[in-house]
Amino acid sequence: MHEMSLAEGIRGIVEDAAIAQGFTKVNAVVLEVGALSSVEVEALRFCFEVVMKGTVAEGARMEVEAIAGTGWCMPCAKSVAIDQLYDPCPHCGSYQVQATGGTEMRVKALDVQTAPAGV
Amino acid sequence: MCTVCGCGAGEVMIGRPSGTAQRKSAPTTGWKVASVETAHDDSHEHVEVHTPASEHAGHMHFGHGPAHAHAPGLSQHEMVRIEKDILGKNDRFADANRGWLAGRGIFALNLVSSPGSGKTTLLCKTIEILSSRVAVAVIEGDQQTEFDAERIRATGAPALQINTGKGCHLDAAMVGQALPRLALTDNSLLLIENVGNLVCPSAFDLGEAHKVVILSVTEGEDKPLKYPDMFAAADVMLLNKTDLLPYVSFDADKAVEFALRVNPRLKVFRVSATTGEGFDGWLGWIESGLAAAAAGCEDGREEKALVAGY
């Protein structure tokens, strides 16, 4: 789903950072992807490779750190772990669970190659 | 597979072992040494092949270049912390749209559904009833053609068609360009009909007040579970084509139950755009939204006037 747009978003963030920080090559892009976010990692990986061509991140690795899903169970009035948006509360079995965490899609960090110092 | 976005590549989750739930492991906090290649297999659960690297937990490895040196002439790997939302740019455009709309007291709804759920017919019926009381304008999103905008214009409401080409969703920048072209009236209703797609539009905030998801009884009642992202992103669900319930094997109560599993705060209206059945609730909800948008705008104006008065 819409992974091409997401990959273009990543490219924009990488290019802005390259201008701001003056690096010329990116070895790896580290992403944080929540279990409840609307991103399909393998589709994103495919788009990532295509979209990064001709940029400082051409050929860069895409690394994904997964963020576990959490929700607020209304009957229990506490935070619980969920894997899917439609999962019941693991304690009381209620579906009155509102997703509160694990929906993020972020560029966490870049592993970059800096220009040789002193040259 | 969709050639643009990769839709159809599918959630790479082949079944689920019965009994034990598969929890993804907690996020790794360690930072990998940049020069060390980890043995990634190409599995979905990438996080699990990362070495926890406890000795590196919570700090960053500057200076771990190939030579572990800061010597002049040697290039270095650096981890640069970014911490930016991938959709941050879209969200900034959406915030700008939201501000623009709020300043004019315009109540904007983003209507999302699969193709064929009856969005355009529902819009036409809504406009037909509301247009004597409030100004209504429509932004239509489709990959190609101006058919839907023409149907809306036939009701007398102004409509602007956005063709996304190969794109599978509207984004906030597209809507931002459309807004000034529509000559919108203050304190009016703006209906944005998104591209017929129950997946991608869920992730893109357009600056609307609410997403409204439409599910029709000619689809499957399990759609909220099959496409949970959209039902989670919406504030309102319209169960449309209820006039056809006697002719189809669709369990409406089950559909609503499934939708509420995904999103317990979802407001549900059962409607038929053909007969107008159930429209009182839907239109009443729109009218209270219009009143709130107008009141919010009025408050903003009074504040500005007060500031100007000083």
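How many of the residues in chain B are buried? Buried residues make up 40% of the 310 residues in chain B. A residue is buried if 20 or more other C-beta atoms lie within 10 Å of its own, exposed if 12 or fewer, and partly exposed in between, with C-beta atoms placed from the backbone.

## About the model

This is a predicted model, in which local features need pLDDT of at least 70, side-chain atom pairs count only at pLDDT 80 or more, and totals for chains, interfaces and linings use all residues. Residues are numbered from 1 along each chain as its sequence is written, while chains are lettered from A and ligands numbered from 1 in the order in which they are written.

## Chain B overall

Chain B has eight helices and eight strands. Helices (H or I, at least four residues) and strands (E, at least two) are DSSP runs, numbered from the N terminus. Among contacts in chain B with a separation of 6 or more, 71% join residues 24 or more positions apart. Two residues are in contact if their C-beta atoms, placed from the backbone, lie within 7 Å.

Helix α1 of chain B covers residues 88–102. Its 15 residues should span 21 Å at 1.5 Å a residue, and the end C-alpha atoms are 21 Å apart, which agrees. The expected span is 1.5 Å times one less than the number of residues. Buried in α1(B) are B:N90, B:F93, B:A94, B:N97 and B:L101. Seen down the axis, they fall within an arc of 100 degrees, so they line one face of the helix. The arc is that of the directions from the helix axis to the C-beta atoms. Their cover includes β2 (107–113) and α4 (172–178) of chain B.

In chain A, α1(A) has 19 residues. From first C-alpha to last it reaches 27 Å, close to the 27 Å expected. Its buried residues include A:L6, A:I10 and A:V14. Just after α1(A), A:G22 takes a positive phi of about 75 degrees.

## Strands and sheets

Chain A has an open sheet of three strands, in the order β4-β3-β5, with antiparallel pairing. Strands β4 (78–81) and β5 (97–101) stand at the edges, each with a single partner strand, so one side of each lacks a neighbour in the sheet. Two strands pair if DSSP finds at least two bridges between them. Four bridges join β3 (residues 70–73) of chain A to β5(A). There, A:C73 has A:V97 as its bridge partner.

In chain B, β3 (residues 136–142) and β4(B) run parallel, joined by five bridges. B:I139 has B:L160 as its bridge partner. Strand β4 (residues 159–163) of chain B is mostly covered, with four of its five residues buried.

## The nonpolar core

A nonpolar core is a set of buried Ala, Val, Leu, Ile, Met, Phe, Trp, Tyr and Cys residues joined through C-beta atoms within 7 Å. The largest one has 107 residues. A:I10, A:V29, B:L191, B:I192, B:V213, B:M230 and B:F231 touch the most other members. Helix α1 (residues 3–21) of chain A gives the largest share, seven residues. Leaving out residues up to four places away in sequence, B:I192 touches residues including B:L109, B:I139 and B:V175.

## A buried glutamate

B:E193 lies in strand β5 (residues 189–193) of chain B. Why does B:E193 count as buried? Because B:E193 has 27 C-beta neighbours inside 10 Å. B:E193 and B:D142 are 51 residues apart in sequence, and 8.5 Å apart in space, C-alpha to C-alpha. Neighbours within four places aside, the contacts of B:E193 include B:K119, B:E140 and B:D148.
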